[in-house]
Amino acid sequence: RRVLVTGANRGLGLEIVKALLERDDVDKVYLGCRDFEAGTALCCGELWDLGGDRSEAVELDVSDGESIKRAVDYVSKTLAAR
């Protein structure tokens, strides 16, 4: 199971990411973040202790249609490469 969480670098979104990384049935959690660098820092820092390489930041601004399309395309490609 792979999950994309929006607003994932703080607040409720971050708490959802942490809960998902604690589960054994989740292979990958994509952190949808407007601030890609902040999301990447979380994946390499605080979240690494919870899930190792099971988290990955994806730039995503849900108020921007092109940003949504790019995020969907990226996640779809990683799923296809699986």
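Analyst: Let us begin with helix α1, where G11 and L12 are exposed on one side. Please note that this is a predicted model.

User: Which residues of helix α1 are buried?

Analyst: First, the general idea. An α-helix has 3.6 residues a turn, so residues three or four places apart point the same way. In α1 (residues 11-21), the buried residues are G13, L14, V17, K18, L20 and L21. These lie on the same side of α1, because the arc they cover around the axis is only 165 degrees.

User: What do the buried residues of α1 pack against?

Analyst: They pack against β1 (2-6), β2 (28-33), α2 (36-44), α3 (48-51) and β3. Helix α1 lies across β1, β2 and β3 and runs at about 165 degrees to β1. Helix α4 also lies across β1, β2 and β3, at about 145 degrees to β3.

User: In what order do the strands form the sheet?

Analyst: In general, strands of a sheet pair through backbone hydrogen bonds, either parallel or antiparallel. Here three strands form an open sheet in the order β1-β2-β3, with parallel pairing. Since β1 and β3 stand at the edges with a single partner strand each, one side of each has no neighbour in the sheet. From one strand to the next, the twist averages 25 degrees. Five bridges join β2 to β3, and G32 stands opposite V58 in β3.

User: Is S63 buried or exposed?

Analyst: S63 counts as exposed because its relative accessibility is 66%, and exposed means over 50%. This residue lies in the loop between β3 (55-59) and α4 (65-80). A polar contact of 2.7 Å joins its side chain to that of D61.

Conventions. Residues are numbered from 1 along each chain as its sequence is written. This is a predicted model: local features need pLDDT of at least 70, side-chain atom pairs count only at pLDDT 80 or more; totals for chains, interfaces and linings use all residues. Side-chain values use heavy atoms; hydrogens and water are left out. Helices (H or I, at least four residues) and strands (E, at least two) are DSSP runs, numbered from the N terminus. Buried means under 20% relative accessible area, exposed over 50%, partly exposed in between (1.4 Å probe, protein chains only). A polar contact is a pair of N or O atoms within 3.5 Å; within protein, one must be able to donate a hydrogen and the other to accept it, and residues adjacent in sequence count only if both atoms are side-chain atoms. The arc is that of the directions from the helix axis to the C-beta atoms. Contact means heavy atoms within 4.5 Å. Two strands pair if DSSP finds at least two bridges between them. Axes are lines fitted to C-alpha atoms, for helices over the stretch in contact, and angles run from 0 to 180 degrees between N-to-C directions.
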